[in-house]
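Please look first at the sequence and the structure shown below.

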Amino acid sequence: MNSENKASEKTILILSGPNLNLLGERDPQMYGDQTLDQHIELAERTASQHGITVEHLQSNHEGELVDAIHQAREKHAAIIINPGAFTHYAWAIHDALQTFDGPVIELHLSNPAAREPWRHTSVVAPVASGTIAGFGGHGYQIAVDAVSELL
Ligand code: CA2
């Protein structure tokens, strides 16, 4: 990324994977009753306290998330990503994140390690600076605070 941008603007990209657009509508016992918009508002409020601006994209399509990661290389200082079920098998997202120079935080509302065995593998974790999981919506605040420390 352009180093001038990095120093002066500090924008971060939050990516949300498949089905996360349904938050607040179903499965509140697993994912809470807040909507994705509410989680992003918390991230934005937290970021503004650190002088950071947030951009957000939710997509149900792996290629769209890969494109957004490529574009982030020129534009954003860090990425926070909840890849949804792509976490467990989307190697194209792994490869794209590996090309990104700044901090990458993997974020989950639930704790996949405490759920079904197929959720115990993350193909994103090996290319992430760290993973935040199991704290529900509070995770968005924790993730932005972590990014701010890392930048
Ligand atoms: O805990 C997380 O944040 C997950 O990334 C959520 C994914 C799941 O596949 C991962 O293992 C862990 C699922 C997102 C589905 O979101 C829904 C939201 C509302 C209703 C149904 C699904």
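**The ligand and its surroundings**

The ligand takes up the space of the largest pocket. The model discussed here is a predicted one. Around the ligand stand 15 residues, and the closest of them are Asn82, His88, Leu109, Ser110 and Arg119. Sorted by class, this shell consists of six nonpolar, six polar and three charged residues.

For Leu109, the backbone is involved: one of its polar atoms is 2.8 Å from a ligand oxygen. For Ser110, the side chain again supplies an N or O atom, here 2.5 Å from an oxygen atom of the ligand. On its own, the ligand has 500 Å² of accessible area, and the protein covers 93% of it.

The C-alpha atoms of Gly134 and Leu109 are 5.3 Å apart in space, although the two residues are 25 positions apart in sequence. Gly134 belongs to the loop that runs between β5 (130-133) and α6 (138-150). Gly134 counts as partly exposed because its relative accessibility is 41%, a value that falls between the limits of 20% and 50%.

**Strand β3 and the loops on either side**

The next stop is strand β3, which spans residues 78-82.

Ile81 and Leu107 are separated by 26 residues along the chain, and their C-alpha atoms are 5.8 Å apart. Ile80 and Ser16 are 64 residues apart along the chain, with 8.7 Å between their C-alpha atoms.

The loop between α4 (62-75) and β3 contains His76. With a relative accessibility of 4%, His76 counts as buried. The side chain of His76 makes a polar contact of 2.6 Å with the side chain of Thr11.

Phe86 counts as buried because its relative accessibility is 7%. What is the distance in space between Phe86 and Pro18, which are 68 residues apart in sequence? From C-alpha to C-alpha, Phe86 and Pro18 are 7.6 Å apart.

**Two residues with a positive phi**

The last part of the tour concerns the backbone angle phi. Most residues other than glycine have a negative phi. Asn19 is not a glycine, yet its phi is positive, at about 75°. Asp27 is not a glycine either, and its phi is also positive, at about 55°.

Where in the chain are Asn19 and Asp27 found? Asn19 lies in the loop between β1 (11-16) and α2 (28-31), and Asp27 lies in the loop between β1 and α2 as well. As for accessibility, Asn19 is exposed because its relative accessible area is 51%, and exposed means over 50%. Asp27, by contrast, counts as partly exposed, with a relative accessibility of 37%.

Technical notes:
Residues numbered from 1 in each chain as written. Predicted model: local features only at pLDDT ≥ 70, side-chain atom pairs only at ≥ 80, totals over all residues. Heavy atoms only, no water. Near = heavy atom within 4 Å. Polar contact = N/O pair within 3.5 Å; in protein donor to acceptor, adjacent residues only side chain to side chain. Areas by Shrake-Rupley, 256 points an atom, 1.4 Å probe, with all protein chains shown as cover. 1 Å grid on protein atoms, 1.4 Å probe; cavity = no way out; pocket = protein on both sides within 12 Å on 5 of 7 lines; lining within 4 Å. Sits in = over half its atoms within 2 Å of the grid points. Nonpolar A, V, L, I, M, F, W, Y, C, P; charged D, E, K, R; others polar. Helix = DSSP H or I, 4+ residues; strand = E, 2+ residues; numbered from the N terminus. Buried < 20%, exposed > 50% of the residue type's maximum accessible area, 1.4 Å probe, protein only.
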